Each structure stands twice: as structure tokens, then as C-alpha cells.
Amino acid sequence: MLNLLEKHLPKIVIAPTTVAMIVCMYGFILWTGLLSFTKSRMMPQWDFVGFEQYVRLFDNPRWHIALDNLFIFIFLFIAISLVLGLLLAIFLDQRIRNEGAIRTIYLYPMAISFIVTGTAWKWILNPGLGIEKLLRDMGFVDFEFRWLVDPDMAIYTIVIAAVWQSSGFVMAMFLAGLRGVDDNLTKAAKIDGASAIRLYWHIILPIMRPVFFSAIVILTHIAIKSFDLVQALTGGGPGYASDLPANFMYTFAFNRAQMGVGAASAMIMLFGVLAVLIPYLYSELREKKS
Amino acid sequence: MNLKMLSGISLGRVAIYLILIVFALLYLAPLYVMLTTSLKDIEEIRSGNLLALPNDPTFYAWIKAWSSACTGSECNGLAPFFWNSVKIVVPAVLISTVVGAFNGYVLAKWKFKGSELLFGALLFGCFIPFQVILLPMAILLAKLGLANTVSGLVLVHVIYGVAFTTLFFRNYYVGIPTELVRAAQLDGAGFLNIFRHVFLPLSTPIFVVTIIWQFTQIWNDFLFGVVYSGPGTQPITVALNNLVNTSIGGKEYNVDMAAAIIAALPTLFVYVVAGKYFVRGLTAGAVKG
């Protein structure tokens with residue numbers, strides 16, 4: 001009896017997690033998926049209406065603004081974070097004095113919540129009292145900086161705050177990657193008389209390919225999930241000009257009693273993540289096998 | 001790996017240092033602005049500018065943010081919500097870490113048929129956008145009588161945190177030689193004894209990494225907090241957001257900034273004290289997860 005228990009103990013130990021995972025991840029995804037095909041509004045109900053909620057979702061101009069914003073945000077957030085992170089990592093990798101202290105400064109925003117980041121940048125970008133006033137006081141009397149209240153520009157304030165928060169992390173990933181590059185490789189390149197730029201462009205960067213890959217996947221993931229930063233910095237506004245899909249989902253599912261539309265938007269978000277994740281995992285697995 | 005060509009030219013090195021320092025100042029600027037703004041009075045904020053040091057530093061904003069600022073209809077400052085967050089974070093971090101340690105131990109050293117699949121399925125959970133589980137979880141919590149409670153939030157954080165903690169421990173334990181397990185088994189030790197006497201003594205670093213990771217994640221959480229808490233059980237991130245968006249009797253930017261710093265202090269403190277482990281958690285959670 002005791003032997004039997006001992007034999008199955010590993011499975012017993014991991015059983016609660018397995019059950020929680022099956023119910024609260026896969027079961028819930030299925031549930032949300034099913035719900036997105038029903039008429040549900042205030043409360044879940046199970047009259048299936050096919051793709052009606054998806055049609056309503058894609059008929060909603062607010063959803064299209066959220067999607068457009070997401071593409072702008074993903075593209076700029078990733079591009080700027082990668083370039084900045086890579087450059088800072090390369091510069092930091094030149095036997096810099098006080099490297100540890102500088103690294104700590106670049107990375108600390110990552111320890112802070114997006115709500116704090118949003119609150120801070122909301123103040124810095126405050127039209128009237130923030131950067132605008134700073135520059136006017138410095139003598140640029142006609143300087144204007146009102147992106148926070150400009151429907152066309154509000155999404156870019158989210159890019160600024162998100163880059164501030166996450167680029168240090170990208171720097172840390174690249175720095176770890178650079179430290180892993182074989183020194184002999186660079187020595188050989190130098191003996192051949194390669195210039196610093198050629199060395200990085202033709203030899204180091206290609207080796208960094210996996211780091212680029214991981215960084216892009218992680219940043220995409222952060223971007224698609226971004227909810228708190230928008231909520232704190234612009235509240236999705238002015239109007240709903242800076243909404244992202246996560247904010248759209250929250251508003252429709254919880255504030256507007258439009259569960260079906262909310263569920264449909266959540267499923268689209270899931271497919272968005274999968275579209276990035278599956279090729280990534282696939283290439284990772286293939287690399288391991290070869 | 002370094003740029004010898006540049007180090008030969010001192011001008012190049014000066015430029016590198018200059019760029020690094022300018023960016024360090026840029027990264028520090030928001031913290032500086034928050035801190036100085038929180039120490040000014042509202043007159044000075046309106047007349048001066050962002051980068052000016054406070055003429056006459058005052059803790060008025062800090063005291064108000066902590067104990068009497070309005071976060072919606074009530075005006076008790078952030079203090080009650082700070083303690084809510086503590087009540088959510090402590091049990092959620094401890095439970096998810098312990099569960100993760102056992103799971104990781106099983107998945108690394110006690111593989112059974114299907115355990116790799118289980119690990120893969122769990123890993124996947126690190127990536128799902130939580131929007132896709134928000135609605136059903138709200139209904140489950142209501143059914144369990146845990147809607148708008150601290151216990152409900154603890155449960156949610158444990159369930160969705162375990163994927164990460166399991167990943168951390170599993171990857172760490174994979175690196176411990178299986179011969180140690182075999183040798184202990186020959187001595188007659190079983191599943192639990194091997195964990196206690198062989199694995200646990202080797203686990204301090206991974207416990208530190210996991211606890212720090214979970215602490216930062218859960219303290220900084222806003223999504224679960226705003227969806228699953230009610231009046232009186234809100235975590236500090238939700239209260240901060242309410243405080244900033246409540247403007248009874250005029251906007252007090254100094255109070256907003258003091259409140260933001262209060263909300264950030266615990267995780268900033270952990271980062272300064274244990275930054276090394278923080279970075280390790282980030283890269284482990286990120287690169288592998």
C-alpha cells in the first residue's frame with residue numbers, strides 16, 4: 001500500500017496543477033471560444049448565433065481603431081526598443097567603467113508597474129505644465145507638445161512610455177548575447193582588418209539572430225497584452241483614440257455588458273499571439289533537433 | 001568581445017561614454033521628475049518647471065497620498081490598498097513558489113508517460129493573453145463565493161503564476177545530475193526525502209529568483225486587480241489609477257507623484273537590493289518562457 005503510494009506520489013503531487021491547467025486555461029479558452037458564438041450580453045447564455053459577434057466586432061469602428069493602434073504600437077515599440085537596446089548593449093560591452101551601475105539604471109523601469117509608468121509619463125507629457133512648459137521656460141515660447149490630448153498622436157505617447165519601460169530589458173538580453181560571442185572570432189576578424197562597423201554588421205549581428213527572435217516574441221507579447229499602460233496614461237482617450245484591443249475587450253466585456261463581442265475580441269487576441277508564437281516555438285524545436 | 005579599434009581612438013571612447021551617460025540621465029529623468037514634483041507644493045508646480053528642484057521641500061503630498069487622498073468615493077489615501085496588496089502578494093507568492101518547486105522537481109526528475117506533454121501544455125500557459133480567461137474566471141469566482149475578495153485574487157494569481165514558477169524550477173532542476181537521485185534511491189530514500197535532503201539544500205538561488213519574479217509580477221498586476229476586486233479589496237495599482245483619475249477639488253500633481261512612488265517602492269527596493277536575481281528571473285522567464 002505504502003509502496004503504491006510512493007510509486008504514484010509524483011503524479012499525485014502534480015495532479016492539482018494539471019487539473020487547474022486543464023480547467024482554468026484550456027477549459028476557459030474553450031468556454032470563451034464558445035461564448036463568442038452566442039448572443040450573450042449581460043450574462044452568458046447559450047443561443048448560438050454563428051459568427052454574428054465577430055461580424056459585429058469587425059463592423060465596430062472602435063475595434064478597427066484599436067487594431068490600427070496595435071499595429072502602430074507593435075511596430076514602433078519593437079523597432080525602437082530593438083535598435084536602442086542593441087546600441088546600448090554594444091556600447092556597454094566596450095569595457096566600460098561602472099558598467100554595473102549604468103546597467104542598473106537602464107533596467108530599473110522594468111521593476112515598476114505599468115500603472116506607475118503611465119502616471120509618471122502622464123505628468124511629464126502634461127499639456128501646459130509638462131515638457132511643453134519646460135521648453136517654453138527655456139525660451140522656446142511657441143513650443144507645443146500636446147500629444148496626450150491629440151487623437152492622432154496619443155498612441156505615440158504610449159510608445160514613448162513603453163519604450164522607456166522595456167528597452168533596458170532588451171539591452172540586457174543583447175548584452176548577455178554579446179558576452180556569449182567567441183572572442184577568437186572577433187580577433188580573427190580584426191587580423192583580417194575588418195572595421196568595427198563591418199565586424200558588428202557581418203559577424204556579430206548574424207550570431208545574435210536568436211536574441212533578436214526572442215526579443216521580438218517577448219515584445220510582441222507585451223504589446224498585445226498592453227492594457228495597464230493605456231489605462232493609466234491616456235485611459236484610451238481622447239475619446240477612444242488610443243484604445244488597444246485589450247482595452248476594447250475590457251470595456252465591452254465588463255463595462256458595456258457586451259459579453260459576446262468581448263469574447264470574440266479576446267479570441268482574436270489569442271489568435272494574434274498564436275500567429276507569433278507557433279512559428280517561434282516551431283523554429284526553436286527544429287533547432288534543438290538538428 | 002570589445003571594440004579595440006575604437007578604444008585606440010580616445011575620441012571614440014569619449015563619445016561612447018557620453019552616449020551612455022546621456023541615456024542614463026534619460027532613463028533616470030522620470031524618477032527624478034516624480035520625486036521632485038512630489039516634494040513641491042501646488043503653487044510651485046504651477047509656476048516652476050519639471051526639472052527645477054523644489055525651493056522648499058514639503059512632505060505634504062506624501063502624507064496626503066498615504067493617508068487622506070481620494071481614490072474614488074472614499075478618501076483614506078493609499079494605505080489601506082497598500083496593505084491589500086501585501087495580503088494578496090504574500091500568500092500568492094508563497095503558494096505559487098512552493099507548488100512550482102514540487103512541479104519542477106517532478107517534471108525534471110520523476111518523468112512519467114505524458115509528463116513532457118504536460119510541461120509543454122503548461123509552458124503554453126505563460127503566453128496566453130489573459131483576456132481570453134477573464135470572463136469564465138469571473139464566473140468561477142462568483143460561483144465559489146470569492147468574487148471581490150482577497151482570497152479570490154490570491155487564487156487567480158496562484159493559478160496563472162504556477163506556469164512560470166514550474167518553468168523556473170524545472171529548468172533549474174534539469175541541471176542537477178540524475179545520479180544524485182539514483183544514489184539516494186539506493187540508500188532507500190523516497191520521493192519526498194530526496195527532495196528535502198538533496199534538492200532543497202541546492203535550491204536557494206532558484207527560490208530567490210522565483211520569489212522575486214512572482215513578487216514583482218503580482219505587486220504590479222493591474223488586470224486581475226481591476227477585474228476581480230471590489231471596493232475595499234482593491235490592490236494598490238488599482239487604487240493608484242483611481243487616485244490619479246479622481247479630481248475632487250482640483251488636480252494635485254504632487255500627490256499623484258507621491259502616490260506613484262509609494263506604489264513603486266516595494267518592487268524598486270527589491271530591485272536595488274537583489275537586482276542580480278531580478279535580471280536572472282527576467283531572462284529565464286523571458287528567453288525560455
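pLDDT is the predictor's confidence in each residue, from 0 to 100. The structure described here is a predicted model, and the mean pLDDT of its chain B is 89, with 93% of the residues of that chain reaching 70 or more. Among the elements of chain B, the highest mean pLDDT, 96, belongs to helix 5 (residues 79-109), and the lowest, 50, to helix 1 (residues 4-8). Where pLDDT is low, the predicted coordinates should not be read in detail. For the complex, the predictor gives an ipTM of 0.89 and a pTM of 0.90.

The contact between the two chains involves 86 residues of chain A and 74 residues of chain B. On the side of chain A that touches chain B, helix 1 (residues 2-35) of chain A gives the most, with 17 residues. By class, this side of chain A is made up of 60 nonpolar, 15 polar and eleven charged residues.

The largest nonpolar core has 175 residues. The residues with the most contacts inside this core are A:Phe174 from chain A and B:Leu78, B:Leu240, B:Ala259, B:Ala260 and B:Ala263 from chain B. Helix 7 (residues 154-179) of chain A supplies the largest share of the core, 16 residues. From chain B, domain 1 (4-58) and domain 2 (79-288) each contribute at least three residues to the core. The surroundings of B:Ala260 include residues of both chains: apart from neighbours within four places in sequence, B:Ala260 is in contact with A:Val116, A:Thr119 and A:Ala120, and also with B:Met34 and B:Leu240.

Chain B is divided into domain 1 (4-58) and domain 2 (79-288). The C-alpha centres of domain 1 of chain B and domain 2 of chain B are 34 Å apart. Between these domains, eight residues of domain 1 of chain B are in contact with seven residues of domain 2 of chain B. On the side of domain 1 of chain B that touches domain 2 of chain B, helix 2 (10-38) and helix 3 (42-47) of chain B each supply at least two residues. Helix 2 of chain B provides the largest share of that side, four residues. The class composition of the side of domain 1 of chain B that touches domain 2 of chain B is four nonpolar, two polar and two charged residues.

In chain A, helix 10 (residues 209-225) has 17 residues, which at 1.5 Å a residue should span 24 Å; the end C-alpha atoms of the helix are 25 Å apart, in agreement with that value. The buried residues of helix 10 of chain A include A:Val211, A:Ala215, A:Val217, A:Ile218 and A:Leu219. Also buried in this helix are A:His221, A:Ile222, A:Ala223, A:Ile224 and A:Lys225.

A:Met153 is located in the loop between helix 6 (131-137) and helix 7 of chain A. A:Met153 counts as partly exposed because it has 14 C-beta neighbours inside 10 Å. A:Met153 and A:Leu229 are separated by 76 residues in sequence, and their C-alpha atoms are 16 Å apart in space.

Most residues other than glycine have a negative phi, and most peptide bonds are trans. The peptide bond from A:Gly237 to A:Pro238 is cis, with omega near 0 degrees. A:Pro238 occupies the loop between helix 11 (228-233) and helix 12 (245-255) of chain A. A positive phi, near 60 degrees, is found at A:Asn98, in the loop between helix 3 (61-92) and helix 4 (99-107) of chain A. With 13 other C-beta atoms within 10 Å, A:Asn98 is partly exposed. In chain B, phi of B:Asn148 is also positive, near 60 degrees. B:Asn148 is placed in the loop between helix 7 (131-143) and helix 8 (150-174) of chain B, and 15 other C-beta atoms lie within 10 Å, so B:Asn148 is partly exposed.

A further asparagine, B:Asn220, lies in helix 11 (residues 204-220) of chain B. B:Asn220 has 25 other C-beta atoms within 10 Å and is therefore buried, the cut-off for a buried residue being 20 or more. Leaving out residues up to four places away in sequence, B:Asn220 touches A:Ser113 of chain A as well as B:Thr237 and B:Thr267 of chain B.

Notes
Residues numbered from 1 in each chain as written. Chains lettered and ligands numbered in written order. Predicted model: local features only at pLDDT ≥ 70, side-chain atom pairs only at ≥ 80, totals over all residues. Core = buried A, V, L, I, M, F, W, Y, C linked by C-beta atoms within 7 Å. Buried ≥ 20, exposed ≤ 12 C-beta atoms within 10 Å, placed from the backbone. Domains from an automatic or database assignment. Nonpolar A, V, L, I, M, F, W, Y, C, P; charged D, E, K, R; others polar. Expected span 1.5 Å × (residues − 1).
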